[in-house]
Amino acid sequence: MKNNKYIINTIIVVLLSMFLVNCADDDNAEVFDESPAERTNAQKQELRTALQSSDTGWKAVYFTSPGELGGFTFFFNFLDDETVEMTSDFDDDFTVTKSKYDVVLGSTIKLSFTTKNDIHKLSDSANPPDSGLIGRGYLGDFEFLYYGIDEATGDLIFRTNRTQEEVRFTKATTNEVQNIIDSKAIALELTDSEKSVYQNVIVTIDGTTEVFDFSLNVNRRFIDISNDSDSYSFGIAYNELGFTVSPVLEIKGQEISEFTYNVEADKFIADLGSGNMAEIAFLDAPSNPTDDNLVVVQPDNAYGYIDDFLFDATSSSSNFRALRNSVNEGLSPFDFSLSRVQFFFTIEGDETFNVIQYLLLSAVDGSTIALNHFVTFENVDGKLILTDDGWSDPSLAPFVEAIDNVLTNSEGLYIKQENFTVRFPNTVFTFTSAADPSFRMTTYAFQ
Amino acid sequence: MNNINNKYRRLGSACVYIVAVIAIVILASCKQEDSFEGSDLDTSTPKLTALDSYIRTNYVSKYNIDVLYRWNENVVDNNRFLFPPIEENVQPVLEVVEKIWLDSYSEVGGADFVKLVAPRQLLLVGGRNFNRSGTILLGLAEGGKRITLFETDLVDVSDRANITRFLSTIQHEYCHILNQTIPFDEEGYGRITPSEYTAQWFNTSIAEARELGFISDYSRSSVVEDFAEMVNFMLINSNEEFNTIIDGISNIEARESIRSKEAIVADYFDKQWDIDIYELQEVTARNTQEVINN
């Protein structure tokens with residue numbers, strides 16, 4: 001019993017001493033020297049100071065949604081604690097304009113462009129690159145969460161508020177605005193469909209050469225390249241020398257991150273060293289031809305260019321649009337315009353019975369005149385050659401000859417079944433002139 | 001016994017001693033307390049631009065309405081792709097809103113009318129608010145507290161049609177706020193054209209909707225929207241213009257339906273708000289004309 005009392009006393013003494021030792025451990029001590037509010041204020045001040053620290057301003061290449069859109073280059077100059085001036089390569093207005101900005105606490109410290117300027121053009125629900133992004137514009141953000149300064153490069157690191165895309169502000173050169181202006185001229189060299197609608201990419205790696213079809217969505221700044229075995233997609237951002245690629249394009253272990261424009265060769269070249277390279281050039285003919293010309297002439301097939309829906313299609317080339325405009329100019333004194341160009345092949349199974357039909361729409365009463373150009377066809381070397389076989393009303397033929405001459409040129413037409421649709425679910429076929437590959441007309445298949 | 005008393009006395013002195021020590025410790029603790037110095041939070045007075053001062057004078061002080069034009073992600077739908085207005089566009093637009101909406105209601109309803117029954121915030125957004133379906137959202141009235149106005153950058157103060165379109169959003173949304181404060185007779189109103197309300201209202205044109213007894217296509221979406229559209233069309237048009245619209249409808253029944261709705265609207269404004277809507281219509285038309293003339 002006495003022994004038990006001794007044990008209990010000992011336990012009490014041990015417990016008491018443990019309590020006392022515990023008390024000596026001060027768990028309430030601040031982990032940081034400053035309070036959260038003080039640290040937040042300090043970080044805000046750090047960002048404000050950093051933003052105003054560059055005398056030449058900042059350059060940012062912003063890829064709003066890698067995987068579906070390319071990048072846009074911005075120039076920012078933070079003048080004081082609330083005023084910023086900026087411009088960008090979003091459109092052709094390079095005026096440097098002032099607006100307000102603020103550094104505020106969101107999910108962390110963020111830079112917010114609080115009144116309208118160029119950066120907001122990416123976030124305009126009324127101005128999407130195409131109908132696929134109606135209501136969402138270019139998926140852009142104009143609030144950037146601050147993630148600190150890159151010690152090695154001095155870049156300011158941000159992530160977008162909505163989608164957490166990384167955006168870096170790099171110190172601008174003294175002529176950054178001019179660089180942006182120059183980059184638009186470079187962009188034209190890549191997007192100028194007056195050269196030809198055909199472009200390809202030739203990739204040479206370890207002595208092996210591969211050819212890819214090249215398709216650039218100009219508004220989205222997004223490229224698809226493909227051949228029979230491989231396909232790749234990537235966004236691009238123009239600069240004064242060429243363009244950068246994001247995500248980085250990896251072909252056979254080689255990474256391609258930028259292309260430079262070579263004026264003499266009229267090519268965009270990515271020189272990867274050791275003889276490895278990738279080149280983008282305009283061509284006179286498709287690099288991977290199809291035999292879709294054999295498909296379209298099957299009995300009772302019909303295809304139609306419908307002006308209301310296809311004039312603005314990205315696959316309708318600028319040269320085609322120019323010719324359509326010239327046809328309309330000739331028709332306008334008579335209050336008519338070109339409404340459709342339709343092909344009817346092998347009518348009722350008769351291979352000699354084919355029609356290019358021009359529908360002319362009256363602005364007065366909405367009626368249409370169908371002007372038929374009868375043609376015969378041949379398929380030669382992957383091309384469809386249409387030959388004149390008389391008109392339904394020869395007196396009207398001169399009105400449409402600007403387009404008709406191209407469609408019936410003896411060099412023929414390259415036909416391609418496209419993998420996209422325009423507004424309606426109809427399959428899209430394009431008709432491109434072999435004599436003038438800057439002419440491409442877009443049509444709906446009617447079967 | 002004496003011994004026990006003595007023990008109590010000593011215990012008492014000991015207690016007094018302990019209390020004294022504790023009191024000294026507490027007082028000493030107080031002496032070491034840090035004094036309060038300012039706040040870690042930024043409590044400095046914000047810098048006011050000329051625009052901010054205009055808003056304080058003409059909206060906050062005068063009508064108890066705050067105007068939000070700088071971006072604040074907490075008051076907008078972050079799933080939408082919207083942006084703040086161009087700063088220079090804000091004041092001209094607010095001046096138009098003040099003249100056509102606030103001044104007109106104040107003149108007819110009394111100086112304090114809008115002050116008492118008004119949204120507490122006007123939120124200005126620069127561009128259009130496109131839905132993914134391709135339709136456009138013109139405005140929002142959230143719980144009677146905030147009216148969001150889109151398209152601030154697109155207002156052209158010299159173009160009547162343009163101003164009318166922008167103001168129609170306010171007239172429509174403000175009617176919702178009035179209705180949220182004092183409801184109208186929804187049941188009676190809904191009996192006039194009961195079978196023509198539809199969620200697919202955008203499939204018919206305004207002209208087609210009018211032949212069905214509705215003042216606009218959007219009126220067909222619900223009784224509440226129909227009522228707000230009636231008020232909107234009565235206030236963005238002069239009485240003459242409004243009558244021309246109604247007289248242009250060929251279906252006699254449709255014309256009568258709209259006139260019946262008009263009567264309920266006039267009765268609601270008269271009985272619930274002591275406002276003669278035809279007087280309000282006249283004043284609003286006059287103020288609209290003054291804006292365009294200037």
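Student: In β11(A), which residue is the bridge partner of Leu216(A)?

Tutor: The model under discussion is a predicted one. Strand β10(A) pairs with strand β11 (residues 222-226) of chain A in the antiparallel sense, over five bridges. Within this pairing, the partner of Leu216(A) in β11(A) is Ile223(A).

Student: Which residue in the turn between β10(A) and β11(A) has a positive phi?

Tutor: β10(A) and β11(A) form a hairpin, with four residues between the two strands. In that turn, a positive phi of about 55° belongs to Arg221(A).

Student: Which residue in β10(A) stands opposite Thr204(A)?

Tutor: Strand β9 (residues 199-205) of chain A runs antiparallel to strand β10 (residues 208-217) of chain A, and six bridges join them. Across this pairing, the residue of β10(A) that stands opposite Thr204(A) is Thr209(A).

Student: In the hairpin of β9(A) and β10(A), which residue takes a positive phi?

Tutor: The hairpin of β9(A) and β10(A) has two residues between its strands. A positive phi near 50° is found there at Asp206(A).

Student: Is chain A a compact globule or more spread out?

Tutor: Chain A contains seven helices and 24 strands. Its radius of gyration is 32 Å, whereas the globule rule gives 22 Å for 447 residues. The C-alpha atoms of chain A fill a box of roughly 125 × 60 × 55 Å along the principal axes. Because the radius of gyration is well over the value from the rule, chain A is, relative to a compact globule, more spread out.

Student: What percentage of the 447 residues of chain A count as buried?

Tutor: Among contacts in chain A with a separation of 6 or more, 51% are accounted for by residues 24 or more positions apart. As for burial, the part of the 447 residues of chain A that counts as buried is 36%.

Student: What distance separates the centres of domain 1 of chain A and domain 2 of chain A?

Tutor: The domain assignment divides chain A into domain 1 (37-171), domain 2 (184-282) and domain 3 (292-445). Taken over C-alpha atoms, the centres of domain 1 and domain 2 of chain A are separated by 28 Å.

Student: Which element gives the largest share of the side of domain 1 of chain A that touches domain 2 of chain A?

Tutor: The contact takes 13 residues from domain 1 of chain A and 13 residues from domain 2 of chain A. On the domain 1 side, the elements that give two or more residues are β1 (58-63) and β2 (71-78) of chain A. The largest share, three residues, comes from β2(A).

Student: How many residues of the side of chain A that touches chain B are charged?

Tutor: 24 residues of chain A are in contact with 24 residues of chain B. α2 (36-51) and β4 (97-105) of chain A each supply at least two residues of the chain A side, and α2(A) gives the most, with three residues. By residue class, this side of chain A has four nonpolar residues and 13 polar ones, while the number of charged residues is seven.

Student: Why is one side of β1 and of β5 in chain B left without a neighbour in the sheet?

Tutor: Four strands of chain B form an open sheet in the order β1-β2-β6-β5, with mixed pairing. β1 (66-68) and β5 (139-142) of chain B stand at the edges.

Student: Which residue in β6(B) is the bridge partner of Leu123(B)?

Tutor: Strand β2 (residues 121-124) of chain B and strand β6 (residues 146-149) of chain B run parallel and are joined by four bridges. In β6(B), the residue that partners Leu123(B) is Thr148(B).

Student: What is the radius of gyration of chain B?

Tutor: Chain B has eleven helices and six strands. The globule rule gives 19 Å for its 294 residues, and chain B is well over that, so it is more spread out than a compact globule. Its radius of gyration is 30 Å.

Student: Which element gives the most to the side of domain 1 of chain B that touches domain 2 of chain B?

Tutor: Chain B is assigned domain 1 (47-181) and domain 2 (183-294), and their centres lie 22 Å apart over C-alpha atoms. In the contact, 22 residues of domain 1 of chain B meet 23 residues of domain 2 of chain B. α3 (87-109) and α5 (160-181) of chain B are the elements that give two or more residues to the domain 1 side. The most, eleven residues, comes from α5(B).

Notes: Residues are numbered from 1 along each chain as its sequence is written. Chains are lettered from A and ligands numbered from 1 in the order in which they are written. This is a predicted model: local features need pLDDT of at least 70, side-chain atom pairs count only at pLDDT 80 or more; totals for chains, interfaces and linings use all residues. Two strands pair if DSSP finds at least two bridges between them. Two residues are in contact if their C-beta atoms, placed from the backbone, lie within 7 Å. Ala, Val, Leu, Ile, Met, Phe, Trp, Tyr, Cys and Pro count as nonpolar, Asp, Glu, Lys and Arg as charged, and the others, Gly among them, as polar. Domain bounds come from an automatic or database domain assignment. The radius of gyration is taken over C-alpha atoms; the globule rule is 2.2 Å times the number of residues to the power 0.38. A residue is buried if 20 or more other C-beta atoms lie within 10 Å of its own, exposed if 12 or fewer, and partly exposed in between; C-beta atoms are placed from the backbone.
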